[in-house]
Amino acid sequence: MYRRTEGRHIFMALAICLFLFSPLVIFFEPLIVAETLYYERGVWITQVPKINFMLCGIAMLLLILAFVALWLMNMNKLSIVLAFLCTCGCIVLIHGGSLSYASLSGEAITFRHAFSQDKQSYTWDSIDSIHYFDDLENDDVQPFYVFYFPDGEELQLKKNGLLTEEIRIRIDQKIRELNIPFERIHEW
């Protein structure tokens with residue numbers, strides 16, 4: 001009996017620690033994965049879509065629930081099965097979220113959606129058009145680009161700490177150099 005109580009307290013401590021450190025994991029894990037797996041020489045920017053952070057958050061919640069189930073349900077068969085299922089769900093979500101990214105380089109724009117094995121890559125001269133959304137009256141809304149491709153795909157890149165003014169200048173140079181149809185939209 002004493003040994004079971006000890007085991008429960010270990011899972012309680014793990015659940016509390018994971019809960020306390022999960023904001024750091026949720027914020028940094030998608031960024032580290034994208035910069036590690038998808039780094040290439042000559043790439044201007046590698047951006048992580050919002051879905052990666054949401055999937056990582058849900059995965060951390062599932063992992064916390066696995067530890068809580070083992071703690072509260074006294075490590076019986078049902079709690080072990082629930083913890084196993086939550087852990088499997090966590091692994092699937094982390095894997096699916098780690099697949100998604102978008103990168104811009106001087107030669108191409110490459111991106112992949114969450115849970116997709118198909119990497120989409122388009123050269124700059126194959127872009128149909130680019131729209132730049134910028135609400136000059138509302139400073140709370142971040143400006144963003146939308147790239148439209150011939151097969152109906154589109155990619156949205158928000159201006160943030162990674163999409164700096166230097167990269168914006170490079171994008172504008174490519175637009176002028178290749179005469180890509182471009183529209184600046186101030187209100188939407």
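The predicted model contains an open sheet of four strands, in the order S1-S2-S3-S4, with antiparallel pairing. Strands here are DSSP E runs of at least two residues, and helices are H or I runs of at least four, both numbered from the N terminus; two strands pair if DSSP finds at least two bridges between them. Strand S1 (43-47) and strand S4 (120-123) sit at the edges, each pairing on one side only. On average, neighbouring strands of this sheet are turned by 10° against each other, direction ignored. S4 pairs with strand S3 (residues 108-112) in the antiparallel sense, over four bridges, and Ile109 has Tyr122 in S4 as its bridge partner.

This is a predicted model, so to read it: local features need pLDDT of at least 70, side-chain atom pairs count only at pLDDT 80 or more, and totals for chains, interfaces and linings use all residues. Residues are numbered from 1 along each chain as its sequence is written, and side-chain values use heavy atoms, with hydrogens and water left out.

Helix H4 (residues 165-178) lies across S1 and strand S2 (101-105), running at about 115° to S1. For such angles, axes are lines fitted to C-alpha atoms (for helices, over the stretch in contact), and values run from 0 to 180 degrees between N-to-C directions; contact means heavy atoms within 4.5 Å.

Now for the charged pairs. With a salt bridge taken as a side-chain nitrogen of Lys or Arg within 4 Å of a carboxyl oxygen of Asp or Glu, the count comes to three. Arg168 pairs with Glu165, their closest N and O atoms being 3.1 Å apart; both lie in helix H4, three residues apart, about one turn of the helix. Arg168 counts as buried because its relative accessibility is 15%, whereas Glu165, at 38%, is partly exposed (buried is under 20% relative accessible area, exposed over 50%, partly exposed in between; 1.4 Å probe, protein chains only). Arg170 forms a salt bridge with Glu166 at 3.2 Å between the closest N and O atoms, and these two H4 residues are four apart. Glu177 and Lys174 meet at 3.9 Å, N to O. Glu177 is exposed at 57%, but Lys174 is buried at 15%.

Elsewhere, a nonpolar surface patch includes Leu24, Phe27 and Phe28, and its residues together have about 870 Å² of accessible area (Shrake-Rupley method, 1.4 Å probe; for residues, only the protein chains shown count as cover). Patch residues have over 30% relative accessible area and no salt bridge, with like charges joined within 9 Å and nonpolar side chains (Val, Leu, Ile, Met, Phe, Trp, Tyr) within 5 Å. Leu24 lies in helix H1 (residues 2-37).
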